[in-house]
Amino acid sequence: MTISQHSTLSAFAQDVVDGLSQSPRQLSSKWFYDDRGSELFKRIMASPEYYLTNAEAEIYRNAAASLLAHTGGQPFDLIELGAGDGTKTQLLIERFLAAGARFAYRPIDLSGRALSDLGKLIKLRWPKLDFNPIQADYFQALDRLGASTGSRLRLVLFPGANIGNFSPAEGVAMLQSVRKFLRPGDLLLTGFDLKKDPAVVLAAYNDAAGLTAAFNLNLLARINGELGGDFVLDCWRHWESYNPVSGAARSFLLPIKPQTVTLSKPGQTFRFRAWEPIEVEISQKYSLREIEGMADAAGYAFVHNYCDAREWFTDSLWRVPNP
Ligand SMILES: C[S@@+](CC[C@H](N)C(=O)[O-])C[C@H]1O[C@@H](n2cnc3c(N)ncnc32)[C@H](O)[C@@H]1O
């Protein structure tokens, strides 16, 4: 297994400086996943409040045969955007292999730790599976894949409600951009978290064990470690909000007293007033109807919404239409 790597440090530094210079201040959630962040996220997924993982696992178990039917028995590339630890994807892989499907697995993630842990697992369970991970941003990876996958059908997975980390307009633009790397007939399966009881949503990002708070604060620790920052972590608090009209759950970090923070590597200083928030994540929730509209807006043909029994989550299958 070789992991194609590229340096993300300068992109990280640039993003942090840009985000902290904005009003209101922001940090992109895509930088959560350093080694400790990936580890904490695994623990969040196992927490009782974080319903998303079990809901999507249930969907993958039940939808595998139907998904395979949509590939029409052709060999395909199973491309996964933001694979993380890939636990749920293994539910699909084992069902696909049991049904005799011929496919290569190409997970994409920014986190080298997540991909190497995943690689060890895959090697152990299915040593003969064609496994070729790429450590890069979604679009850099898709660009590289363009040349290497020939004319085989592509089934692209975008799981875990990663799409929720974009606003609805950004989400459409993101999925439109993914389509540019696909060909007519290719399939995209995207996980969307659905609008539901606000108390259930809020609890998922405010777990009693404080894992989400630790996960979000770890971003400041990462900035300290990689960019020479001096955030005093004890002075920052995690805050979650959910707007049931827009469907946006938002995570913030706020200082309990005024803070002057210097990042020695980019050589920048930021002054925060007490309780001045940094927005660190959006987790957008949708209705099934909004999702069908998104497929259309992003230039795909809607195929099917696979839901869990409680209708808390859906994996929506879309196809790239003929021009
Ligand atoms: C919320 S986790 C989900 C993991 C897994 N797909 C799941 O459903 O359990 C998001 C994963 O996407 C990766 N990720 C986030 N933004 C990314 C980007 N722009 N390019 C590549 N990977 C990204 C993170 O490193 C992380 O492993």
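**View 1. The shell around the ligand.** In this predicted model, 17 residues surround the ligand, each with a heavy atom within 4 Å of it. The closest are Tyr-33, Gly-82, Lys-88, Asp-109 and Asp-137. By class, the shell holds eight nonpolar, five polar and four charged residues. Here Ala, Val, Leu, Ile, Met, Phe, Trp, Tyr, Cys and Pro count as nonpolar, Asp, Glu, Lys and Arg as charged, and the others, Gly among them, as polar.

View 2. A polar contact is a pair of N or O atoms within 3.5 Å. Asp-109 places a polar side-chain atom 2.5 Å from an oxygen atom of the ligand. For Asn-162, a polar side-chain atom lies 3.4 Å from a ligand oxygen atom. Leu-110 uses a polar backbone atom, 3.2 Å from a nitrogen atom of the ligand. The protein covers 94% of the 590 Å² of accessible area that the ligand has on its own (Shrake-Rupley method, 1.4 Å probe).

View 3. An automatic or database assignment gives domain 1 (9–48 + 198–284) and domain 2 (52–197 + 286–319). Their centres, taken over C-alpha atoms, are 26 Å apart. The contact between them (heavy atoms within 4.5 Å) takes 23 residues from domain 1 and 20 residues from domain 2. Both domains give residues to the shell around the ligand, so the ligand lies between them.

**Notes.** Residues are numbered from 1 along each chain as its sequence is written. In this predicted model, local features need pLDDT of at least 70, side-chain atom pairs count only at pLDDT 80 or more, totals for chains, interfaces and linings use all residues, and side-chain values use heavy atoms, with hydrogens and water left out.

Key: Polar contact = N/O pair within 3.5 Å; in protein donor to acceptor, adjacent residues only side chain to side chain.
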